[in-house]
Amino acid sequence: MEALQISPSRILSPTPRLTENSIFNSFGGVRQVGFASLLTRNIKKQSFCGNKTRSYNKGGFITRSSNSAQDKEVEDGLLLDTERDISGSVIGFHLIPHSGMQFPKTKRETQGNEANGGVQLSEEIDTGDKASTRTVHNVVFVTSEAAPYSKTGGLGDVCGSLPIALAARGHRVMVVSPRYLRGNPSDKQFSNAVELEERAKIYCFGAEQEVGFFHEYRAGVDWVFVDHPSYHRPGTPYGDTFGAFGDNQFRFTLLCHAACEAPLVLPLGGFTYGEKCLFLANDWHAGLVPVLLAAKYRPYGVYKDARSLVVIHNLAHQGVDPAVTYSSFGLPQGWYKALEWVFPTWARTHALDPGEAVNVLKSAIVTADRIVTVSQGYSWEITTPEGGYGLNELLSSRKIVISGITNGIDGNEWDPSTDEHLPCHYSVHDLSAKVQCKIALQKELGLPVRSDCPLIGFIGRLDYQKGVDIILTGIPELLQDDVQFVMLGSGEKQYEDWMRQLEEVYKDKFRGWVGFNVPISHRITAGCDILVMPSRFEPCGLNQLYAMRYGTIPVVHSTGGLRDTVQTFDPYAKEGSGEGTGWAFSPLSKESLLATLRIAVGTYKDHKPSWEGLMKRGMERDSSWDKAATQYEQVFEWAFIDPPYAG
């Protein structure tokens with residue numbers, strides 16, 4: 001490594017010519033998919049200088065003002081030291097003293113230096129019981145939500161837990177998410193985040209936008225929050241009671257630009273992440289990240305060794321806006337084809353509508369190095385006309401780089417032996433207290449206390465996707481049997497009103513809790529005997545994993561992640577000892593749901609040893625994030641095999 005004083009005339013070595021991954025060659029003439037011409041580009045040598053402030057002019061070129069930074073570092077008696085990989089490419093910077101000046105390194109800095117720049121070195125990493133050899137990377141998650149700071153569903157759970165699991169396995173991990181301030185108690189989640197002095201100026205939406213950064217180091221992960229006035233408003237991350245926010249395209253475009261800047265300008269733990277990063281862009285909100293890497297940075301020699309993954313949690317949401325908004329993204333004009341989207345004739349608003357639009361998630365699928373879905377079943381479903389939402393042909397053409405990895409669950413939060421929300425605790429070795437949880441739930445809900453009566457539960461969003469209409473139309477017939485049923489959730493008003501009406505009619509058998517409450521969701525998961533999930537499609541699903549962890553038997557529609565995680569009970573397997581963790585039914589209909597529930601109820605009442613076996617197999621199932629993290633590591637290795645997308 002060499003020490004250099006900050007100077008605007010510092011020139012990096014010439015950048016090697018980028019070549020485009022050959023897998024894209026088959027896409028060249030498809031207008032519906034909308035690929036740009038797939039040509040290799042010569043990269044010109046550019047000047048580079050280290051600073052705390054970076055900005056981009058209207059043309060998308062990187063501009064820097066280094067004099068003030070230079071004066072400050074010289075005054076402090078510090079030099080800027082470069083981190084290089086084995087090819088000699090600059091992958092990061094950090095400050096060092098002049099000769100003769102010795103500053104002790106913190107434990108955090110010492111650990112970070114080992115992983116800086118994502119240098120691919122085989123190391124023995126201690127994971128507790130065993131050590132394994134793996135490559136260490138600089139991983140940057142870009143997401144619209146991350147628990148516990150912000151959460152509306154499974155996306156927040158994944159981006160709040162998977163980074164911690166990867167950090168525990170030796171990777172240097174950053175999560176970039178908006179700093180939502182809603183003016184309510186949820187704002188206290190950001191109370192430990194410290195404002196950084198580094199800011200980024202970004203040109204998009206016809207003007208220069210300035211964003212700030214807040215940082216919290218927790219559980220081995222750098223949690224970075226992008227601060228901008230557009231994130232300071234009541235409601236969810238996406239909307240309020242009046243619907244989705246009208247400026248969501250602006251808000252998440254800003255997030256993507258800021259996320260690309262963060263590894264370059266934020267000296268977390270004393271030094272930046274550098275250019276050799278692996279970006280995980282989650283859903284359409286982060287979908288511009290792979291495009292920005294290819295269009296805004298690599299032509300100027302920046303991020304030439306970085307890679308990107310797009311993680312699809314729900315393909316139904318794609319970030320589609322009118323074509324005229326393309327100029328707002330801050331991308332060069334030549335990249336329009338990467339985002340171009342043309343609606344089919346039947347989906348257009350009128351006869352003269354050309355159907356032209358921009359599709360952010362489509363652009364991520366085009367330009368990302370790998371594609372990950374949140375279950376193996378869903379990775380296949382998105383390539384079909386039924387599950388592809390118009391992107392099935394594009395995804396089919398890229399199926400060689402699609403991987404399905406089932407989500408994990410937080411074993412500390414969801415553990416029946418320690419759960420603070422439960423009145424009694426139990427485990428796979430002692431199930432006796434589970435019936436006490438059931439009795440306590442019946443008392444809390446005002447149902448007749450009957451430990452022998454099968455208690456069926458549903459927890460989830462009240463909408464068409466979750467199959468709530470199938471449940472509600474089948475309940476009058478189901479409740480003719482000796483069962484009790486409880487539902488927890490909020491959503492469409494028609495379903496909320498339907499739940500209230502059913503509670504009035506079946507006062508001794510049905511309870512509906514409109515809204516969402518974390519403690520009661522834990523108590524329903526523990527207290528019920530059966531959890532039903534008749535989703536029309538389910539990319540992964542978490543409630544069935546929670547249920548099995550708590551010894552509650554899932555009855556699910558055979559789709560997506562539900563089919564992957566729930567094995568239908570077979571009492572004759574393994575010489576009569578049985579196998580399986582629940583029931584997966586198909587097709588999705590009221591009749592099929594009722595028939596499967598009656599099989600489950602009959603097993604509960606008449607075959608107690610088989611039921612106990614179902615409970616124990618579900619509780620013993622490995623649904624940890626460490627298992628998922630191991631699979632992600634394999635995808636990381638694959639992502640670095642081929643050259644990055646060049647456009």
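Me: What should I keep in mind about numbering and confidence here?
Reply: Residues are numbered from 1 along each chain as its sequence is written, and side-chain values use heavy atoms, with hydrogens and water left out. As the model is predicted, local features need pLDDT of at least 70 and side-chain atom pairs count only at pLDDT 80 or more, while totals for chains, interfaces and linings use all residues.

Me: How many salt bridges does a search of the whole structure find?
Reply: Side chains of opposite charge can pair when their charged atoms come close. A salt bridge here is a side-chain nitrogen of Lys or Arg within 4 Å of a carboxyl oxygen of Asp or Glu, and the search of the whole structure finds 25.

Me: Which residue forms a salt bridge with Arg179, and are the two buried or exposed?
Reply: The partner of Arg179 is Asp227, with the closest N and O atoms 3.1 Å apart. Both Arg179 and Asp227 are buried, where buried means under 20% relative accessible area, exposed over 50%, and partly exposed in between (1.4 Å probe, protein chains only).

Me: How far apart are the closest N and O atoms of Arg549 and Asp415?
Reply: The closest N and O atoms in this salt bridge are 3.8 Å apart. Arg549 is partly exposed, with a relative accessible area of 26%, whereas Asp415 is buried at 17%.

Me: Which residues are linked in a network of salt bridges?
Reply: Such a network links Arg450, Asp452, Asp482 and Lys605.
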